[in-house]
2 protein chains.
Amino acid sequence: MSRIFVGFDTSFVHDLPATLDEVYEDKINGIAAPLFHPRFKRDDHELSDLRDGPQTRSDLVMDSRGWTASVVGNISKYIDLDATTLSVRLSAEKIFKQEVAWASHLSVRAVMLPSPRHVYNSANYARVLNQSLTQAQYLQFWVRIPLTTRQQLNVTASMELDSEAGLRGSAMKTDEGKEDAQIDPWDTWDALRARCEYHPKLHVALEITADLPSTEEIQRWLGESVKAAIIPMNIFLTNRKGFPTLSQRHQKLMAHLFQHNIQFYLSGRPRHRGKLLPYVQYLHFLYSKRPNLDRKAQFEAPYLDYLQAPLQPLMDNLESQTYETFEQDAFKYNQYEKAITLALAKTREDKESVVMVVGAGRGPLVRSALRAALAANRKTRMFAVEKNPNAVITLRNLKTSEKWDNVTIVASDMRNWRTDERADIMVSELLGSFGDNELSPECLDGAQNFLQENGISIPCEYTSYVTPVMSSKLWNEVKVQDSLKSFETPYVVRLHNFYALARTQKCFTFTHPKFHGRIDNRRQAELRFTTTESAVVHGVAGYFDAVLFEDVTLSIEPELHSDGMFSWFPIFFPLRQPLRLEKGDDIVVSFWRLESSNRVWYEWSVSTGDGKRHNPIHNPNVSVYE
Amino acid sequence: MSRIFVGFDTSFVHDLPATLDEVYEDKINGIAAPLFHPRFKRDDHELSDLRDGPQTRSDLVMDSRGWTASVVGNISKYIDLDATTLSVRLSAEKIFKQEVAWASHLSVRAVMLPSPRHVYNSANYARVLNQSLTQAQYLQFWVRIPLTTRQQLNVTASMELDSEAGLRGSAMKTDEGKEDAQIDPWDTWDALRARCEYHPKLHVALEITADLPSTEEIQRWLGESVKAAIIPMNIFLTNRKGFPTLSQRHQKLMAHLFQHNIQFYLSGRPRHRGKLLPYVQYLHFLYSKRPNLDRKAQFEAPYLDYLQAPLQPLMDNLESQTYETFEQDAFKYNQYEKAITLALAKTREDKESVVMVVGAGRGPLVRSALRAALAANRKTRMFAVEKNPNAVITLRNLKTSEKWDNVTIVASDMRNWRTDERADIMVSELLGSFGDNELSPECLDGAQNFLQENGISIPCEYTSYVTPVMSSKLWNEVKVQDSLKSFETPYVVRLHNFYALARTQKCFTFTHPKFHGRIDNRRQAELRFTTTESAVVHGVAGYFDAVLFEDVTLSIEPELHSDGMFSWFPIFFPLRQPLRLEKGDDIVVSFWRLESSNRVWYEWSVSTGDGKRHNPIHNPNVSVYE
């Protein structure tokens with residue numbers, strides 16, 4: 001985004017086109033406003049047909065492009081879908097649906113819904129909303145949720161048993177004691193969307209408050225589907241020149257929000273000269289201060305939250321374009337050059353060293369090795385082993401054009417090549433997002449036959465990392481595929497709109513070469529995490545780090561991430577059933593790396609730390625789906 | 001069942017056919033025995049190929065019919081799938097699968113699995129079992145679970161970080177403090193089957209213990225998929241004549257178990273003269289003491305746990321066979337006769353009373369009304385209104401053959417019939433399993449136009465009841481249909497293998513006639529239940545009771561059930577995601593009766609009482625599926 005969208009949220013508009021013209025002058029991009037006149041507070045007995053005049057302005061005041069681009073409809077706040085009396089509920093439902101239908105008719109892009117009044121008891125709100133969601137064509141539903149709340153729990157002590165045509169129930173009776181409890185607004189949101197089964201058209205309109213919650217709670221909101229942020233003008237401070245400004249913490253929050261596709265709506269009354277304009281200018285100013293996208297961020301931008309199947313370079317031959325992309329990762333090949341230089345330094349100066357690049361692709365590692373040989377001042381013979389015949393053509397051309405006189409091109413699968421040569425250094429780049437997931441262990445176990453007894457493998461070690469994550473966005477992306485198999489598949493994805501419930505932990509480690517003992521690449525891990533905040537687990541994020549040689553490493557683990565490296569996105573293992581956890585709860589993630597005679601696969605499972613709630617084990621036998 | 005199956009569970013058999021011949025003499029029906037000789041304790045390095053002799057007896061000692069009918073395979077107890085070291089786990093997995101494969105090869109009907117050793121941490125046991133379940137063709141898996149346990153939690157303090165080829169994890173670290181806690185064996189079972197997603201081939205072999213748990217806990221087991229009960233012979237007492245006998249509480253337990261399709265296996269050493277025979281005879285004696293099936297039970301036997309779509313008599317015409325079945329319910333029509341008699345007694349003696357039967361079917365209510373007129377000594381004119389033209393043929397024949405001289409047959413839908421006649425009494429039988437679910441309210445609202453201002457409707461009131469239930473059997477029956485719609489449908493089913501988490505509560509009530517005020521048949525209910533035991537909610541059971549007139553009622557609510565009445569089975573509303581609750585937890589069940597211009601439907605939802613975990617709202621708009 002080169003610009004942000006700044007709108008104005010208002011509870012009353014008399015003449016919409018006139019108001020829009022007015023706020024456009026203050027650089028406002030659009031408006032969130034009631035679509036029905038609030039004076040027309042309707043009830044069940046007063047329907048449109050019984051009135052003389054229309055209940056609201058005509059749709060003809062603007063064309064539909066105007067409605068879509070500039071207007072979000074505010075659903076009336078007085079609607080109480082969870083009222084104690086059935087007649088009030090039924091009347092509320094009718095009005096709600098009337099307003100939604102009108103919004104849909106106008107082609108506005110979204111309606112903004114009031115926050116549920118009855119925090120722990122918004123079942124009917126959720127039910128009515130869920131019906132609207134399943135019927136919506138294009139309309140989005142943005143629920144206003146405040147960042148913090150001091151309001152008391154709105155809990156009725158007991159529902160009356162109105163024996164006929166009434167509301168039957170005693171559901172809320174035991175809530176009495178809770179009235180003074182502090183409400184976590186995220187709980188309100190979670191209850192609503194869980195009841196609507198994380199519907200992809202249901203989003204959050206986050207109301208920014210003067211007080212801000214903890215950094216962790218803000219992080220959690222950044223993992224939710226926030227489409228709008230509402231900024232009351234009374235939370236702005238005044239700078240020395242009399243202009244509006246935000247506190248440091250609010251500025252930091254804004255910087256986070258800018259990273260997501262969010263519309264901003266000013267609300268309330270302007271309290272500084274110049275009406276809305278200085279607020280709008282200030283927000284654009286904040287936006288302009290954000291750091292420029294680096295090369296990595298530019299590369300990644302189109303892939304945010306986009307699910308991809310992991311590459312299978314062992315089964316499929318990569319395409320030229322794929323090679324091209326990955327060859328541009330200068331950081332990675334510099335690290336390889338450093339590692340090979342260090343490893344060559346360990347070899348005898350007087351002897352020609354043998355370097356084998358296994359899986360040479362279009363040659364980037366050969367180039368790294370050639371540069372390293374120069375840097376380490378060693379005489380070398382090199383072998384570039386590659387199974388993809390298309391890549392071999394490139395390698396043979398490079399041998400000529402770049403004068404790789406000491407390089408032998410071997411067109412063979414590294415697992416089948418037979419040679420009497422023995423390498424001092426074997427270099428490979430077979431790692432996937434989860435380290436071993438592209439079968440690096442199996443390939444290198446075969447290739448180590450070409451290695452001297454005290455030869456070096458680069459990389460010499462790699463470790464996968466996992467952490468449970470919340471991301472209803474990704475969960476929905478998996479769900480729309482509408483098959484069991486889609487939940488039994490790991491995805492490569494540049495995680496963006498997600499929240500990690502805890503810091504990552506190490507999962508599986510592999511080292512190379514392994515000359516002693518039986519080689520067994522099966523692994524099992526059971527990892528216990530303690531959650532920092534209440535959250536819902538939708539899946540497990542996976543990362544890796546690798547030791548190329550000595551202190552030269554590559555990492556995509558979030559805290560260790562190698563600066564500027566863009567070759568790998570994280571991996572995401574989805575869960576069929578989201579699992580809700582409370583703050584401080586433990587969660588156990590089980591992972592298995594399994595093998596049969598002709599394949600390797602993962603199974604995974606998640607349980608609460610108390611051993612009471614268990615998600616099914618995912619991906620049993622993998623082959624049952626093939 | 002006219003007989004029970006009594007087998008013998010043994011940990012060692014040398015010569016299987018000889019042993020079988022021997023125990024057959026003691027009236028034993030079959031045997032549960034290891035299929036591998038326990039002396040051949042194998043590990044990963046000693047596979048069958050490396051031995052001289054076979055590891056176990058040949059499959060040729062019996063034909064496959066013999067294996068299937070008489071033998072259940074005991075999986076070796078020493079197999080520790082959740083051992084701390086990976087090598088022990090991998091070896092255990094190999095042995096486990098070898099034994100399962102052999103059992104499958106022999107065509108035994110089931111294998112009996114040892115109870116998981118690591119109660120809160122049997123993830124790998126579950127994973128291996130889950131793989132076997134997804135691959136099994138006919139083989140069932142019966143997991144031994146003791147009714148009570150005093151064993152200590154088998155929890156290792158901390159798993160070692162064996163950096164390579166080892167087991168990665170710290171999952172169990174925080175379990176240390178729990179070692180002395182009393183284990184609920186049901187928790188062990190629930191963890192296992194939840195991880196295997198309630199697989200339909202996974203069952204319980206319940207080990208009867210000398211101590212018995214509470215009646216409620218036993219009830220909960222009767223809701224589980226128990227396929228076998230193992231009875232150690234050392235829990236038998238000795239009666240005055242020196243024969244084995246069970247305590248009163250055990251006898252009561254047996255009476256419960258007899259109601260399900262369960263095999264019984266004696267285990268341990270016989271401690272009374274005559275070897276196994278007196279134990280077998282005693283069990284058959286207990287079985288023979290059970291009360292004979294009454295007419296209702298006989299009628300219901302083939303329908304236990306069988307899911308049916310609710311009747312839609314308003315949309316479809318019932319078949320002759322359906323009428324025939326329901327007409328046999330003498331209790332129901334006697335109640336109608338009593339109610340009509342009481343109602344007629346309220347009419348003036350000197351005046352001819354008008355009785356209308358709306359939805360007369362093949363005439364059973366007309367007969368009740370005619371008998372009632374005799375009993376009350378009232379002169380009547382009757383109208384039998386029926387929309388099904390096939391049933392009308394029957395009615396017209398009956399009018400002739402049974403001389404219904406004062407009865408007028410009206411071939412019409414009660415909602416469309418136009419007449420100037422006004423009834424003193426309107427009789428109908430339009431109730432479904434959930435009371436209003438076959439649209440009785442809508443039909444009677446239309447038909448009340450024929451009723452005098454102070455006329456009487458029989459029934460005059462009906463109420464639905466609900467309670468959350470556990471039944472992995474029914475949940476699986478819904479799941480095999482493999483569509484979202486199957487979880488959004490209520491089923492009529494004679495609930496048998498289920499456990500109600502709490503007593504029922506009233507849901508919706510309707511009264512007739514309703515001459516005053518607007519008629520609104522929409523309803524909403526939010527009901528809070530407190531669970532008696534930890535359990536998993538798989539759905540909501542529904543029932544109804546009806547007041548025909550004054551104190552004459554019909555009821556299928558479990559505690560009020562009308563003796564001998566068999567016309568209605570309960571209704572079952574499934575949940576897509578099972579919801580686990582702890583003992584004493586509250587659960588809130590929300591129910592909505594909704595209507596659009598041309599249909600009526602229910603939506604339902606379940607949440608934990610703390611408002612933290614929510615199941616999606618089921619069946620939104622119903623029409624999205626049509």
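A residue is called buried when its relative accessible area is under 20%, and exposed when that area is over 50%. The exercises below concern a predicted model.

**Exercise 1.** Determine whether B:Ser471 is buried or exposed.

*Solution.* Step 1: locate the residue. B:Ser471 belongs to the loop that links strand S17 (461-470) to helix H15 (472-479) of chain B. Step 2: take its relative accessible area, which is 0%. Step 3: apply the cut-off. Because 0% is under 20%, B:Ser471 is buried. Step 4: list its contacts. Leaving aside residues up to four places away in sequence, B:Ser471 touches B:Gly223, B:Asn497, B:Phe498 and B:His538.

**Exercise 2.** Describe the make-up and extent of chain A.

*Solution.* Step 1: consider the secondary structure, which consists of 15 helices and 26 strands. Step 2: consider the dimensions. The C-alpha trace of chain A spans about 100 × 55 × 40 Å along its principal axes. Step 3: consider burial. Of the 626 residues in chain A, 59% are buried. Step 4: consider the surface. Chain A exposes about 26,200 Å², and 49% of this area comes from carbon and sulfur atoms.

**Exercise 3.** State which residues of chain A the UniProt annotation "domain: PRMT5 arginine-N-methyltransferase" covers, and describe that span.

*Solution.* Step 1: read the record. According to the unreviewed UniProt entry, the annotation covers residues 296-458 of chain A. Step 2: examine the content of residues 296-458, which are 39% helix and 20% strand. Step 3: examine the ends of this span, whose C-alpha atoms lie 24 Å apart.

Technical notes. Residues are numbered from 1 along each chain as its sequence is written. Chains are lettered from A and ligands numbered from 1 in the order in which they are written. This is a predicted model: local features need pLDDT of at least 70, side-chain atom pairs count only at pLDDT 80 or more; totals for chains, interfaces and linings use all residues. Side-chain values use heavy atoms; hydrogens and water are left out. UniProt positions are given in the numbering used here, feature names are shortened, and annotations may be inferred rather than shown by experiment. Helices (H or I, at least four residues) and strands (E, at least two) are DSSP runs, numbered from the N terminus. Buried means under 20% relative accessible area, exposed over 50%, partly exposed in between (1.4 Å probe, protein chains only). Accessible areas come from the Shrake-Rupley method with a 1.4 Å probe; for residues, only the protein chains shown count as cover. Contact means heavy atoms within 4.5 Å.
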